[in-house]
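Q: I'm new to this one. Can you walk me through it?

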Amino acid sequence: MGSQEEERLLLEDGLSEKKQNGLYTGDSSVDINGNPVLKSNTGNWRACPFILGTECCERLAFYGIATNLVSYLTKKMHEGNVSAARSVTTWAGTCYLAPLIGAVVADAYWGRYWTIAAFSTMYFFGMCTLTLSATIPALKPAECVGSLCPSATPAQYAMFFFGLYLIALGTGGIKPCVSSFGADQFDDTDPKERMKKGSFFNWFYFSINIGALISSSFLVWIQENAGWGWGFGIPALFMGIAIACFFSGTPLYRFQRPGGSPITRMCQVLVASFRKWNIKVPEDDSLLYETQNSVIEGSRKLEHTDELKCLDKAAVLSDAEAKSGEHNSWSLCTVTQVEELKILIRMFPIWATGIVFSAVYVQMSTMFVEQGMMMDTTVGSFTIPPASLSTCDVISVIFWVPRMGIGLFISIVAMTAAAVVEIKRLQLAQELGLGHQDVAVPLSILWQIPQYFLVGAAEVCTFIGQLEFFYDQSPDAMRSLCSALALLTTALGSYLSSFILTMVTYLTTLGGKAGWIPDNLNEGHLDYYFWLLAGLSFLNMLVYVVCAKKYKKKRAS
């Protein structure tokens, strides 16, 4: 037994020496078999093309569905404007709420790699189901005859929304994990590799928007001209390519072991601090309980901070625990565990400001498209599908750099631009006597380009900033969860947009009025809706500025 123990210690000493010499990664990453990995032949930029390719194809598939979904619901499923917009924003919200499920599964049980693999398969089946619902005649409503448009049957709705929400669940396992898995390929303990991580996030978002550019131009044209079977089938094909691309890079990847449930650890801190509510926190923070090495798998220790001292009670060693030498995780927590919860609480105000911005962002795939449908979509002999103008958003993304506060300001300008275009469109409708006719107004759809371009600029400034902020400031063992929380702002923004739409429709149609957003937009006031969002965005930006000034960064040992 003694010789075996000595051999084990020698092996550990040898591995530690190799880590110090820079041969192995110093961030506890392993290969797919759980063995320590050499820096020279794993991770870094050699692994990233597979991850970026996966994300590009997956986003092409996602936006191939999402970009023009409101058109499919109004033209093929025969829903009204408000109903279609509500369906899209609710589904989009679910797509960004589901990542909480994927994040907990990844951080606590499966790890990021296997979570991506499992949920991608689910995603692919959802894409195939959606394609079938748009292809087989029995699974979709009949075409309109004149002004008579038959409603979809319950079975047709069930098939369509089953596929749609299977996609939402599938994306829930991919979105919180792919960016973090890509960032895991760079060793946090190596200054040279750590510098490359910021560049990775820029390339990551660039790859997202290359996929979005193809889907919002080529695929929208296919959907409008070649049919929705092809329009949904091609994204399904690219989802299959994304899965193949991801698995191809397996030998080169670096893996982080799951560190146990972050939710359980947070609950332990809350319970332990409540149980010790009458214990005084010592002035000397070195007396707080901490182990020599982090007890959380794959996580560095966190240094103590002076905020939220009530939570420090969870790390105070009571007299009974000191005498007996026994304790459990629900009565005594390490400083690192306490600091994990403090970090999340400190991040909350910055996180919350993303919700209103996301409510603005979602207008690009709903109200901007419906506004475009009521404008002149012809340029010479070419007809521009209204949803394809989101390519202007994508092009804008490619040319801007990340700055969160600037992004929130630009979102105000974007809503103002949309309101000005709608004012001009309504004025022209009144002048030409089209106020009560459900027909397009002869105002070129190209007037929408500035609002799409501004939303794109706001998007890249805000979302890339969020990606970096939530990865860098999150505890090591909570990175998938914090990425999911960043995505949750998009979900809540979508739900907020649905709520605002519902309230605006209810309040503005009282007394039999047409309301701001009737089925015939020529009779409404969509401009008022855009002004409302601009006002909310302004208040949101003020909150962000105050919170950003007060924020204190994470300190890892």
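A: Let's begin with Thr 416. Setting aside residues up to four places away in sequence, Thr 416 touches Trp 531 and Ala 534. Keep in mind that this is a predicted model.

Q: Which helix is Thr 416 found in?
A: Thr 416 is found in helix 15, which covers residues 404-431.

Q: Is Thr 416 buried or partly exposed?
A: Partly exposed. Thr 416 has 25% relative accessibility. Buried would mean under 20%.

Q: How far is Thr 416 from Ile 406?
A: Their C-alpha atoms are separated by 16 Å. Along the chain, Thr 416 and Ile 406 are ten residues apart.

Q: What about Asp 527, where does that lie?
A: Asp 527 lies in helix 18, residues 526-550.

Q: What does Asp 527 touch?
A: Ala 419, Glu 422, Ile 423 and Leu 426, not counting residues up to four places away in sequence. The side chain of Asp 527 also has a polar contact of 3.1 Å with the side chain of His 525.

Q: Why does Asp 527 count as buried?
A: Because its relative accessibility is 5%, and the cut-off for buried is under 20%.

Q: How far apart are Asp 527 and Val 545?
A: In space, 27 Å from C-alpha to C-alpha. In sequence, 18 residues.

Q: Let's zoom out. How many helices and strands does the protein have?
A: There are 18 helices and four strands.

Q: And what size of box do the C-alpha atoms fill?
A: Roughly 90 × 50 × 45 Å, taken along the principal axes.

Q: How does the radius of gyration fit a compact globule?
A: It agrees. A compact globule of 557 residues would have a radius of gyration near 24 Å, and the protein has 26 Å.

Q: How much of the protein is buried?
A: Buried residues make up 55% of the 557 residues.

Q: What about the surface?
A: The accessible surface comes to about 23700 Å². Carbon and sulfur atoms account for 65% of that.

Q: What share of the contacts joins residues 24 or more positions apart?
A: 83%, taken over contacts with a separation of 6 or more.

Q: And the charges, how are they placed?
A: The protein has 40 positive and 46 negative charges.

Q: Which residues is Thr 171 in contact with?
A: Glu 58, Arg 59, Cys 95, Tyr 123 and Pro 176, leaving aside neighbours within four places in sequence. With Arg 59 there is a side-chain polar contact of 3.3 Å.

Q: What else is in helix 6?
A: Ser 180 is found in helix 6, which runs over residues 154-183. Ser 180 counts as buried, at 0% relative accessibility.

Q: What does Ser 180 touch?
A: Arg 112, Tyr 471, Arg 479, Ser 480 and Ser 483. Again, residues up to four places away in sequence are not counted.

Q: Now Glu 339. Buried or exposed?
A: Buried, with 1% relative accessibility. Glu 339 has its place in helix 12, residues 335-361.

Q: Which side chain does Glu 339 make a polar contact with?
A: That of Thr 305, at 2.8 Å. Beyond its neighbours within four places in sequence, Glu 339 is in contact with several residues, including Leu 302, Asp 312 and Arg 346.

Q: Last topic, loops. Where is His 78?
A: In the loop between helix 3 (69-75) and helix 4 (81-97). At 16% relative accessibility, His 78 counts as buried.

Q: What is phi of His 78?
A: Near 60°. That is a positive value in a residue other than glycine.

Q: And Leu 308?
A: Leu 308 has a positive phi too, about 50°, although it is not a glycine. The place of Leu 308 is in the loop between helix 9 (262-275) and helix 10 (309-312).

Q: Is Leu 308 buried or partly exposed?
A: Partly exposed, at 33% relative accessibility.

Technical notes:
Residues numbered from 1 in each chain as written. Predicted model: local features only at pLDDT ≥ 70, side-chain atom pairs only at ≥ 80, totals over all residues. Heavy atoms only, no water. Helix = DSSP H or I, 4+ residues; strand = E, 2+ residues; numbered from the N terminus. Rg over C-alpha atoms; globule rule 2.2 N^0.38 Å. Buried < 20%, exposed > 50% of the residue type's maximum accessible area, 1.4 Å probe, protein only. Contact = heavy atoms within 4.5 Å. Areas by Shrake-Rupley, 256 points an atom, 1.4 Å probe, with all protein chains shown as cover. Lys, Arg positive; Asp, Glu negative; His and termini not counted. Charge placed at Lys NZ, Arg CZ, Asp CG, Glu CD. Polar contact = N/O pair within 3.5 Å; in protein donor to acceptor, adjacent residues only side chain to side chain.
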